[in-house]
Structures are given as structure tokens and as C-alpha cells.
Amino acid sequence: MKPLGDRTQHYWLAQRMAQLTQTDLVAAMTRAQLSQEDWAEMVENCRGCDWEAGCYRYLTAHERDACSEERAPAPCVNKDRFKRLKDALEAQG
């Protein structure tokens, strides 16, 4: 089993991926789509991900190009959760 990554670094990786995918975490929490426990679980999932180096490269490349993605890349362990949150927020208007 791989040791978990640094909690603070992965918190910011998850934040950056949410921003890149235009997933509004504050709105998701405000509208009860995302609890503190859900968010903590997402960060913990990120900490255990094997794609950390690729994630850094992906985020850096896409942020530098000012490119917004519709969804997180396939290797992201939270990609489905980001999509569900974004879809739920868009459905609420």
C-alpha cells in the first residue's frame, strides 16, 4: 500500500482541479450538494492517488494556457465526483 501524500498539498491539488473544471465547491457546500465529510473524503482520495506527478503537470499546463476543461482527466480519482457536483449545480440553476 502506497503511503498517503501530504494533506495540505492534496487539498490544494483538489481545489485546483475543481477550479479548472469550473466546479464551484462553495456553491456545492452552500446548496448542500457537498458536506465537509464529502470534501474531506475527496482530499483523502487525492492523497492516495498514484497520479500525483501527472496531476501537477496537467494542472500546471492547463492553468498556464488559461484553458478550462469540462471535466477532470481520466486518471483523477475524483473526476466523477467533480462531474456530479457540477451537474447538480447546473441543474439547480
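Buried residues (under 20% relative accessible area with a 1.4 Å probe, protein chains only; exposed is over 50%, partly exposed in between) make up 38% of the 93 residues in the chain. This is a predicted model, where local features need pLDDT of at least 70, side-chain atom pairs count only at pLDDT 80 or more, and totals for chains, interfaces and linings use all residues. Residues are numbered from 1 along each chain as its sequence is written, and side-chain values use heavy atoms, with hydrogens and water left out.

User: Hello! How many helices and strands does the chain have?
Analyst: Helices (H or I, at least four residues) and strands (E, at least two) are DSSP runs, numbered from the N terminus. Read from that end, the elements go α-α-α-α-α. The count is five helices and zero strands.

User: What is the radius of gyration of the chain?
Analyst: The radius is taken over C-alpha atoms, and the globule rule is 2.2 Å times the number of residues to the power 0.38. With its five helices and zero strands, the chain is as compact as a globular protein of 93 residues, because the rule gives 12 Å and the chain's radius of gyration is close to that, at 13 Å.

User: What share of the contacts between residues at least 6 apart in sequence joins residues at least 24 apart?
Analyst: A contact means heavy atoms within 4.5 Å. For the chain, the share is 80%.

User: Is methionine 17 buried or exposed?
Analyst: Methionine 17 sits in helix H1 (residues 7-20). With a relative accessible area of 1%, methionine 17 is buried.

User: And which residues does arginine 47 touch, not counting those up to four places away in sequence?
Analyst: Arginine 47 belongs to helix H3. Its relative accessible area is 11%, so arginine 47 is buried. The residues it touches are Lys2, Pro3, Leu4, Gly5, Asp6, Arg7 and His10.
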